[in-house]
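Please load the model in your viewer, and keep the sequence panel open beside it. The tour below moves from one selection to the next and says what is found at each stop.

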Amino acid sequence: MNLFRFCSGLKVLGYFMILLVAGVVAVSYYSVIVSTWWPILIESGHGALSALACLIVFVFHFLLMMLLWSYFTVVFTDPGSVPEHFRRELEGDNLEAGTSTDRGAFSSLGYCPKCRNVKPPRCHHCSVCQRCVLKMDHHCVWIVNCVGARNYKFFLLFLFYTFLETMLDVVVLLPSFIKFFSQAMKHSSSPGKLASLVLAFVLNLAFVLSLLCFVVMHLSLLSTNTTSVEVHEKNGEVRWKYDLGKRKNFEQVFGKKKAFWLLPLYSKDDLDNITSLQGLEFPTRSDIDP
């Protein structure tokens with residue numbers, strides 16, 4: 001049985017994931033802002049508690065804005081596919097050199113039997129999207145999209161800001177969660193408010209724990225300039241040919257302009273000068289044969 005023919009169903013699942021993200025954001029917003037810290041900000045006057053509430057409300061909205069900006073950027077950004085002109089350009093180069101243009105001529109680049117086309121280095125076929133993706137990392141159902149060369153930075157920022165936001169939610173909801181049982185026994189709060197509080201705390205705690213694993217994993221991959229797919233291709237190699245050192249590995253994904261590192265966008269200079277951001281060419285270590 002070919003299980004890959006069922007992969008298209010993951011696209012449908014992805015749309016439910018988007019609704020789930022919206023639901024978690026709505027429940028968290030209601031529990032943290034509407035029912036907890038906004039009333040404290042309004043009623044506490046000008047004391048230390050008011051300053052703390054103001055800080056929490058500001059940080060919450062800032063992280064939420066960056067989270068949503070990063071999320072929709074990675075959802076709607078094409079991770080990169082093999083350009084239609086890519087094979088024609090290679091064929092033209094080979095004709096000028098007097099070589100053949102059959103499959104063997106492109107063996108050093110790679111060949112996809114499903115797309116029936118050559119593919120650049122680090123490019124892999126996605127069975128969900130039914131196409132080859134440039135520097136493919138994985139297909140993510142949470143964003144209904146592949147993570148590849150042109151949106152990997154946005155995916156990492158989405159993970160980063162989501163982790164910070166959910167961590168903030170857990171910390172600021174913890175005191176209220178501790179009081180939940182006493183309030184429930186005394187019936188001092190409405191059932192709806194208590195239910196939303198518990199649901200928001202449990203959901204955010206679950207996301208924090210799971211996201212921590214993903215953040216650590218992708219930081220490790222970023223530091224070695226490796227994708228999730230390439231982890232299984234390195235075959236225990238001591239020196240990975242794309243590992244240029246931690247600083248350069250970081251710049252291959254986030255660019256060289258520090259002002260843009262924490263924003264889900266690139267500067268024009270980085271897009272023009274860093275070839276890896278386009279997903280067709282990648283620099284390699286000089287001490288390893290390509």
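## Enclosed spaces

The largest cavity holds about 40 Å³ of space, where a cavity is, on a 1 Å grid over the protein atoms alone, a set of points where a 1.4 Å probe fits but cannot get out, and a volume is the space filled by probe spheres set on those points, joined across faces, edges and corners. Before going further, note that this is a predicted model, in which local features need pLDDT of at least 70 and side-chain atom pairs count only at pLDDT 80 or more, while totals for chains, interfaces and linings use all residues. Residues are numbered from 1 along each chain as its sequence is written, and side-chain values use heavy atoms, with hydrogens and water left out.

Select Lys135, Tyr152, Leu221, Leu222, Asn225, Thr226, Asn249 and Val253, which line the largest cavity, lining residues being those with an atom within 4 Å of a point. The elements that give two or more residues to this lining are α5 and α6; helices (H or I, at least four residues) and strands (E, at least two) are DSSP runs, numbered from the N terminus. By class, the lining has four nonpolar, three polar and one charged residues, where Ala, Val, Leu, Ile, Met, Phe, Trp, Tyr, Cys and Pro count as nonpolar, Asp, Glu, Lys and Arg as charged, and the others, Gly among them, as polar.

To see the second largest cavity, select its lining, which consists of Lys135, Ala149, Tyr152, Gln252, Val253, Tyr266, Ser276 and Leu277.

## Asparagine 225

Next, centre the view on asparagine 225, found in the loop between α5 (191-223) and α6 (246-254). Is asparagine 225 buried or exposed? With a relative accessibility of 5%, asparagine 225 counts as buried, a word that means under 20% relative accessible area, as exposed means over 50% and partly exposed in between, with a 1.4 Å probe and protein chains only. Leaving out residues up to four places away in sequence, asparagine 225 touches Arg122, Lys135, Glu230, Trp240, Tyr242, Asp243, Asn249 and Gln252, contact meaning heavy atoms within 4.5 Å.

## The cysteines

Now show the cysteine sulfur atoms: the structure holds zero disulfides, a disulfide being a pair of cysteine sulfur atoms within 2.5 Å. Cysteine 126 is in no disulfide, and the nearest cysteine sulfur, which belongs to cysteine 146, is 3.2 Å away. Cysteine 126 is buried, with a relative accessible area of 2%. At cysteine 132, the closest cysteine sulfur is that of cysteine 112, and because the distance is 3.4 Å, the two sulfurs are too far apart for a bond. Cysteine 132 also counts as buried, at 5% relative accessibility.

## The annotated segments and the largest pocket

Colour residues 12-37, 49-72, 154-174 and 194-219, which an unreviewed UniProt entry annotates as "transmembrane region"; UniProt positions are given in the numbering used here, feature names are shortened, and annotations may be inferred rather than shown by experiment. Over residues 154-174 the chain is 100% helix, with the end C-alpha atoms 30 Å apart, and over residues 194-219 the chain is 100% helix, with the end C-alpha atoms 37 Å apart.

The largest pocket has about 470 Å³ of space, a pocket being an open set of points with protein on both sides within 12 Å along at least five of seven lines. Of the 27 residues that line the largest pocket, select those closest to its centre, namely Trp142, Phe158, Thr162, Phe207 and Leu211. At least two lining residues come from each of α1, α2 (48-76), β5 (138-140), α4 (152-186) and α5.

## Two last stops

Threonine 166, in helix α4, counts as buried at 5% relative accessibility. Apart from its neighbours within four places in sequence, threonine 166 is in contact with Asn204, Phe207, Val208 and Leu211.

Finally, select valine 24 in helix α1 (residues 9-43), which counts as buried at 11% relative accessibility. Valine 24 and leucine 199 are 175 residues apart in sequence, while their C-alpha atoms are 9.1 Å apart in space. Setting aside neighbours within four places in sequence, valine 24 is in contact with Leu203 and Phe207.
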